[in-house]
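Here is a short briefing to read with the model open beside you.

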Amino acid sequence: MHPQGLIFRQLFEKQSCTYSYLLADDTTKEALIIDPVLETTERDLRVIQQLGLRLLYAVNTHVHADHVTGSGCLKTAIPECRSVLSEASGGQADIHVKEGQALKFGRFALSVRSTPGHTDGCVTLVLNDLSLAFTGDTLLIRGCGRTDFQQGSSETLYQSVHRKIFTLPDHCLLYPAHDYTGQTVSSVGEERKFNPRLTKTLSEFVEIMNNLALPYPKQIGEQERPADQL
């Protein structure tokens, strides 16, 4: 169950299998969007308009290699919207955040937990009542983000998950930035029990990650945008 008064929409982009998340306070209508995708900007703007929301932030959990962020187009359409990115990412944004900071919208807030490993700048965003967390590419449903490029480190990712995500309550729902099998949500308790990679020891996990042999992301050369578009 989501907290009373929280407007929640999980939105999907099929080419990169990316989830974006639109959250808002149903009283103030203040809203933010997490990991927007360029190709679905018109859809996202339509939903925002239909729900009568005031978009304050377009937040990226990290600098993406597999799709182009929609933050710039959202800012063009909604001038008061500000882009948000981790200060450790090295990317350009209106607001750079770090561990412990919060993004407030109405009566709700998302706190920032630094969870590097997939990239140096990955963050997990946790709702103020600890009922929801948005894990980006750090922790996926029964999986995790790759660690073989963009400052990736298997050891760092393992520690990030175990220290910053698996320490949340078991009932905390986890929403990743991607899923490739049709799943939409997990929980801390589920992933602690059933994640086939992160239930292993650190050395076993590193061995698994070193032998994935994944192809390079198709859009890795397309994610860069001028500062005024991020």
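In this predicted model, helix α3 passes helix α5 in a right-handed crossing. The axes of α3 (residues 154-165) and α5 (residues 202-210) come within 9 Å and cross at roughly 125°.

**Where the two helices touch**

- On the α3 side, the contact is made by S154, E155, L157, Y158 and Q159.
- Facing them from α5 are L202, F205, V206, M209 and N210.
- Sorted by class, this contact of α3 with α5 has 6 nonpolar residues, together with 3 polar and 1 charged.

- Rolling a probe the size of a water molecule over the atoms shows where empty space is left.
- How many cavities of 30 Å³ or more are there? The count comes to 1.
- The largest cavity holds about 30 Å³ of space.

**What lines the largest cavity**

- Its lining is formed by T135, L139, L140, I141, L174, P176, S186 and E191.
- Which elements give two or more residues to this lining? They are β11, with residues in 139-140, and β13, with residues in 173-176.
- By class, the lining of the largest cavity has 5 nonpolar, 2 polar and 1 charged residues.

Key: Residues are numbered from 1 along each chain as its sequence is written. This is a predicted model: local features need pLDDT of at least 70, side-chain atom pairs count only at pLDDT 80 or more; totals for chains, interfaces and linings use all residues. Side-chain values use heavy atoms; hydrogens and water are left out. Axes are lines fitted to C-alpha atoms, for helices over the stretch in contact, and angles run from 0 to 180 degrees between N-to-C directions. Helices (H or I, at least four residues) and strands (E, at least two) are DSSP runs, numbered from the N terminus. A crossing is left-handed if the near helix is turned anticlockwise from the far one by less than a right angle, and right-handed if clockwise. Contact means heavy atoms within 4.5 Å. Ala, Val, Leu, Ile, Met, Phe, Trp, Tyr, Cys and Pro count as nonpolar, Asp, Glu, Lys and Arg as charged, and the others, Gly among them, as polar. On a 1 Å grid over the protein atoms alone, a cavity is a set of points where a 1.4 Å probe fits but cannot get out, and a pocket is an open set with protein on both sides within 12 Å along at least five of seven lines; lining residues have an atom within 4 Å of a point. Grid points are joined across faces, edges and corners, and a volume is the space filled by probe spheres set on the points.
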